[in-house]
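I'd like to walk you through one structure, piece by piece, so please have a look at it first.

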Amino acid sequence: MLGFLKRPVVVTADINLNVVALTAVGLLSRLWQLAYPRAVVFDEVYYGQYISFYMKRIFFLDGSGPPFGHMLLALGGYLGGFDGNFLWNRIGAEYSSNVPVWSLRLLPALTGALSVPMAYQILLELGFSHCAAMGAALLMLIENALITQSRLMLLESVLIFFNLLAVLSYLKFSNSQKQRPFSLSWWFWLMLTGVACSCAVGVKYVGVFTYLLVLAVASVHAWHLIGDRTLSHVRVLCHLLARAAALLVVPALMYLLFFYVHLILVYRSGPHDQVMSSAFQASLEGGLARITQGQPLEVAYGSQVTLKNVFGKPVPCWLHSHQSTYPMIYENGRGSSHQQQVTCYPFKDVNNWWIVKDPGRHQLVVGSPPRPVRHGDVVQLVHGMTTRFLNTHDVAAPLSPHSQEVSCYVDYNISMPSQNLWRLDIVNRESDADVWKTILSEVRLVHVNTSVALKLSGAHLPDWGFRQLEVVGEKVSRGYHESMVWNVEEHRYGKSQEQKERELELHSPAQMDVSRNLSFMARFLELQWRMLTVKSDGSEHKYSSSPLDWVTLDTSIAYWLHPRTSAQIHLLGNVVIWASASLATVVYALLFLWYLLRRRRSIRDLPEDSWLRWVLAGALCAGGWAVNYLPFFMMEKTLFLYHYLPALTFQILLLPAVLQHISDHLCRSPPLRSLFSALVVAWYSCACHVFITLRPLTYGDKSLSPSELKALRWKDSWDILIRKY
């Protein structure tokens, strides 16, 4: 039994020294003087504030993408002992001693460094030579823009890493499919593909483009698998179920996990939670939760409430009224009812309070026991501070003439009777007997006489309306919209019938305690919707650019300027690599169409295995460039050069593949092949020279004279090469 002790235990491993060397030089290029400059560089001012929010457990909302990327950056801050105390308000501000700059920049640098050997591995898995794979890795290593972006507290290098990991994992899975399906390595690479895809989407929404590309390639391979008659029906079904679980179910679960961890970490109220619903805000520690703690759950006749518009656009606001009336005549000559104004006010105010009244009774207090208001009940809303009834009638609204004016009724003893009955419609009810609940119920108030719903138009009233937001009556027949939906945010049971006592009561806190914790799925769905619908800042920026500028490299970004010397960091691409990568994409497209047309004529220029390798390389590399670049033409937001880097990465992978294809299949004679090889070596030398020339602007560790700076302008980039060669 102990015979194994008589022999030594030997472990063998195959180590690719190329991968080791590429990893080492990749780490060196990205980690060299990583903490320099010790100042806020460009978008670090943007991501840094979110890291501080994580450190302080404060809720925030960022419409640029899911929280996974932010959490990874925050992990670096946590490991470095960052307490979140730094004011992220100015690019170029010096970091204080409590900010672990090296730790905060470490993860982007590591992912940028690992992308170098990953490019090598991808070319090998595609079936290209070690020489082509080393060429792809070298281009990733010396591309100046990729180095700059990965050395800062930014997310593009993290996104590129997971994009490449998804492609590499799928290629390894696909190759193991040919040899050992359902083996341990087969399952590992398949599951890792799904995890990497979900991580790419979790870093930035644009990661979904690479995810869809991988899904498309996997679908084509699965379609071919279905047609394989050597496989039984059960085995084909197992293949399909495994792919569906790994590429659909796992990414969905991972995506939910990102938000689950995010919501656990940021549980305190902060400056961003005002755009969320009252229920969401009440689930956060402090803020609204502190205000609403102890409120009664069920709205009853006599309840004092504030009504918040669920839509919350252009800003979150509450139903409001004040003593001022609508002008007799508007500027356009139209007349008004001259009734008391009703608006939507974006700030907490005592004039936001309303009393829910039973039309059949005079009391403005809650009875004992309280009589809850249910779906379909007819109520009156009495403004707490002026005791006037919420009213609407057949008079055009001031700024929305096709809608009705909403007012608080003033009796002028004229032939315009009050119309102040409103029917409660609980939109998210589970049954028609549902009770109106604080925060949880989303309701429409439908006018009984005219069948219009109380709606926030979103228009700002003129100075006579104190620039507050217009509230109108909109015909229900025109369709449902969130701007018609309201919820009770603050609530107390009214106890005072006398007006003076009631005014004091409106300023006092409630006493009853009701738990209002939202489920994770409810919070996730609301947060996801807000992130997808939040308006991005579409204003022009000094360094903003269009997608057409990226391909021609007709733009750059000054990231950082030293306050005392001329040292500076710019986001500058290596012009040789960018131009050659674009040319390689065009060459690939032309060759692919040429081969496709000739194959249609039954002319096989390439062996079948070379053709399949050529097609797969184009699908993943040229396709990766297209899906990560073309969608930006349809995006209405401020764009920068760094948005092109994920697409550029796929072009860089395609470039050595095209060069090898030309050498192997188009340069048929040995002299021509030798000449082409010499040209490729010279071209790589040019790329390396541009990298070295631009190095001071990539690392920012050298002061430059005005003449040196002028020579590095992008308009003069080709002059550098011309003078050298």
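Before anything else, one cut-off: a residue counts as buried when its relative accessible area is under 20%, as exposed when that area is over 50%, and as partly exposed in between. And keep in mind that what you see is a predicted model.

Is Gln651 buried or exposed? Its relative accessibility is 2%, and because that is under 20%, Gln651 counts as buried. You'll find Gln651 in helix H18. Who does Gln651 touch, if we skip residues up to four places away in sequence? The answer is Ala581, Ser582, Thr585, Trp625 and Tyr644.

Ala581, Ser582 and Thr585 belong to the H16 side of a contact between H16 and H18, and Gln651 is on the H18 side. H16 covers residues 575–600, H18 covers residues 645–666, and their axes come within 8 Å, crossing at roughly 55°. That angle makes H16 oblique to H18. The crossing is left-handed. On the H16 side the contact also includes Trp578, Tyr588 and Leu591, while H18 brings in residues including Leu648, Leu655 and His661. If you sort the residues of this contact by type, you get 16 nonpolar, five polar and no charged.

H4, residues 101–125, and H7 have axes that come within 9 Å and cross at roughly 30°. Here the angle makes H4 roughly parallel to H7. This crossing is left-handed too. Among the H4 residues in the contact are Leu114, Met118 and Ile122, and among those of H7 are Phe161, Leu164 and Leu168.

Let's step back to the whole chain for a moment. The protein chain has 725 residues, and buried ones make up 54% of them. There are 21 helices and 14 strands. Along its principal axes, the C-alpha trace spans about 105 × 70 × 65 Å. And if you take contacts between residues at least 6 apart in sequence, 75% of them join residues at least 24 apart.

What sits in the nonpolar cores? The largest one has 156 residues, and the members that touch the most others are Leu126, Phe162, Leu527, Tyr559, Trp578 and Leu653. Which helix gives this core its largest share? That's H7, residues 156–179, with 13 residues. There is also a second, separate core of 28 residues, including Cys344, Leu381, Cys408 and Val443.

Leaving aside neighbours within four places in sequence, Tyr559 is in contact with a whole list of residues, among them Val41, Phe42, Ile91, Leu152, Ile569 and Tyr642. Looking at the numbers, you can see partners from quite separate parts of the sequence, such as Val41 and Tyr642.

Here's another pair of distances to look at. Gln651 and Ile439 are 212 residues apart in sequence, and their C-alpha atoms are 51 Å apart in space. Ala279 and Ser441, on the other hand, are 162 residues apart along the chain, with their C-alpha atoms separated by 9.2 Å. Ala279 is found in helix H11, residues 278–282. At 8% relative accessibility, Ala279 counts as buried. Beyond residues up to four places away, Ala279 touches Ile439, Leu440 and Leu518.

Last stop: the backbone. Where are the cis peptide bonds I'd like to show you? One joins Tyr36 and Pro37, with omega about 0°, and Pro37 is in the loop between helix H1 and helix H2. Another joins Ser368 and Pro369, again with omega about 0°, and Pro369 is in the loop between strand E4 and strand E5.

Then there are two positive phi values to point out. Phe182 is not a glycine, and yet its phi is about 65°. Phe182 is in the loop between H7 and helix H8. At 25% relative accessibility, Phe182 counts as partly exposed. Arg467 is not a glycine either, and its phi is near 60°. Arg467 is in the loop between strand E10 and strand E11.

That's my tour, so over to you for questions.

Terms used. Residues numbered from 1 in each chain as written. Predicted model: local features only at pLDDT ≥ 70, side-chain atom pairs only at ≥ 80, totals over all residues. Heavy atoms only, no water. Core = buried A, V, L, I, M, F, W, Y, C linked by side-chain atoms within 4.5 Å. Buried < 20%, exposed > 50% of the residue type's maximum accessible area, 1.4 Å probe, protein only. Helix = DSSP H or I, 4+ residues; strand = E, 2+ residues; numbered from the N terminus. Contact = heavy atoms within 4.5 Å. Axes fitted to C-alpha atoms, helices over the stretch in contact; angles between N-to-C directions. Parallel < 35°, antiparallel > 145°, perpendicular 65-115°, else oblique. Left-handed = near helix turned anticlockwise from the far one by under 90°. Nonpolar A, V, L, I, M, F, W, Y, C, P; charged D, E, K, R; others polar.
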